[in-house]
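My notes follow in the order I took them.

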Amino acid sequence: MIAAVWSVLYAAVEVTWAVTGTTVPWKEHSAYAPGVQFFLAALALLAGGACLASTRTLAKLGRVVVATALIAALPVFVVAMAGLPIHFVAIATLSGVESATGPAQVLLNTAGAALLLLVGLSYRRRLRGDCPRCGQPHAGAADGPLAHPAASRAPRRTRVAVYLLMGGLLPWAGAKTIWTLGGNALGVEGDDWQRTTSAGASGPSKATASAGIDVTVLAAMVGVFLLLGLLYAWGQVFPRWTLVLSGRRVPRLLPLIPAWLTGIPLAMYGAVLIVMAPLMAVGVLPEIKPSPPFTTSSGITWMVEFGGLGFAGLGLGLVVAARSYAARTHPVCASATAAERPK
C-alpha cells in the first residue's frame, strides 16, 4: 500500500513539474526534459499497480506481468537516485544546491527504489511459498513476534574484502588532505587549493579546513564509520558510549537503508570515473581543461581516477558489508520451527 501511495505522489509531482515547466536538475547545469518526466510518472504508476497486485492470488499471466513491471521499474529508479551521495555531501556541508527540486527528485527516486526492492523481495518469497515477512517456510500468520539472532561480526573473508575496498579511499583522501594542510600534489599548490575552495565555502567547511580536514574527506569518514558498524557486533547492539541506548538492539534497517541507498549509487558513480580517467589519458575521451586550482589536465585526470577508486571502493564496501549484515541479522517469525531457521 505504501508503495502504491508513493507511485501516485511521484506521478503527481512529476506531471506538475513537467506541465509548469519547473527546472529539475539531473546533473550540474542539465535538467530533466518534460518527456522524461511524463515517462517516469507513467512508470511509477505502473509499478504502483504491480505492487498492489503482488499481494493478490494471480494466474500465471498476472504473475508474469507483475514481475516484469517490477523488474523493469526498479533499475530506472535505482539509476535515477545516483545523485544521492552528492546531494548529501552538499547539504551536510552547507555548500548549497543548484535547485531544491534536484535533491527532492533524488529523494523521491530513492524512496521508490527502496519500496520497489522491498515489494519485489516480498513477492519473490510469496511465489516460493515462503513467509513474505521473514522468508522462511512456516505455518501460521506472518504478523507475530520476530526472533533475532545474537550479535556477531562478519566472516574474516568479508572483513578483508571490505578493508581492501576501503583502501581505495587513500589516494583521493590523501591528495585532499595534503592540499588542505598546504602541501603540493598533482600540480596543485596547497595555497591555491585553500584559496579556491574557501571562496563561498560554508562555516563548517572553513572550520574543518582550518583543522587540516577537508569536509568531503570527513563525509567519507562517516561512510567508513557506517562500514565498521556493519562489520562488527557493536553495529547490532548499541555500545556503552551510546549512553541511554547502551545494550539495546540496533533497529536492523537503521544501518542497512543508508548503506544500500548510498553504496549502490556511489559504486556506480565511482565505476564511471574509473573508466573515464584512462580513456581521457589515451585520448579516447577529451581531456578536461585545467581550471584553478589545477594547472594541468593530467592532474585532473589523476584526481578523477583517485575519485573513482575512492567512491567505488566505499560504495562496493558498503554493499558487501550490508549484504553480510543483512544475512547475520535476518530475523525469523517466532512461529517458525527451529529446523526451518537459517543456520
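I began with Lys176, which is buried at a relative accessible area of 13%. Buried means under 20% relative accessible area, exposed over 50%, and partly exposed in between, with a 1.4 Å probe and protein chains only. I placed Lys176 in helix α7, residues 169-180. Helices (H or I, at least four residues) and strands (E, at least two) are DSSP runs, numbered from the N terminus. Which residues does Lys176 touch, not counting those up to four places away in sequence? I listed Trp193, Asp214, Thr216, Val217 and Met303. Contact here means heavy atoms within 4.5 Å.

I noted the ground rules next. This is a predicted model, where local features need pLDDT of at least 70 and side-chain atom pairs count only at pLDDT 80 or more, while totals for chains, interfaces and linings use all residues. Residues are numbered from 1 along each chain as its sequence is written, and side-chain values use heavy atoms, with hydrogens and water left out.

Then I took the overall view. The chain has twelve helices and four strands. It has 343 residues, and 41% of them count as buried. I looked at contacts between residues at least 6 apart in sequence: 71% join residues at least 24 apart. The accessible surface comes to about 18200 Å², and 70% of that belongs to carbon and sulfur atoms. These areas come from the Shrake-Rupley method with a 1.4 Å probe; for residues, only the protein chains shown count as cover.

I turned to helix α3, residues 60-80. Its 21 residues should span 30 Å at 1.5 Å a residue, and its end C-alpha atoms are 31 Å apart, which agrees. The expected span is 1.5 Å times one less than the number of residues. Which residues of α3 are buried? I found Val66, Ala69, Leu70, Ala73, Phe77, Val78 and Ala80. Seen down the axis of α3, the buried residues fall within an arc of 145°, so they line one face of the helix. That arc is taken from the directions from the helix axis to the C-beta atoms. The face turned away from the buried side carries the exposed residues Lys60, Leu61, Ile71 and Val79. The cover over the buried residues of α3 includes α1 (2-20), α2 (34-53), α5 (101-128) and α11 (253-281).

I followed one of these partners. Ala113 lies in α5 and is buried, with a relative accessible area of 4%. Leaving aside neighbours within four places in sequence, Ala113 contacts Leu74, Phe77, Val78 and Met81. Ala113 and Val78 are 35 residues apart along the chain, yet their C-alpha atoms are separated by 5.5 Å.

I checked the backbone last. Most residues other than glycine have a negative phi, and most peptide bonds are trans. Leu186 has a positive phi of about 55°. I found Leu186 in the loop between α7 and α8 (190-198), partly exposed at 26%. Leu243 also has a positive phi, about 60°. Leu243 sits in the loop between α10 (215-231) and α11 and counts as exposed at 67% relative accessibility. What kind of peptide bond joins Pro292 and Pro293? I noted a cis bond, with omega about 10°. Pro293 is in the loop between α11 and α12 (297-328).
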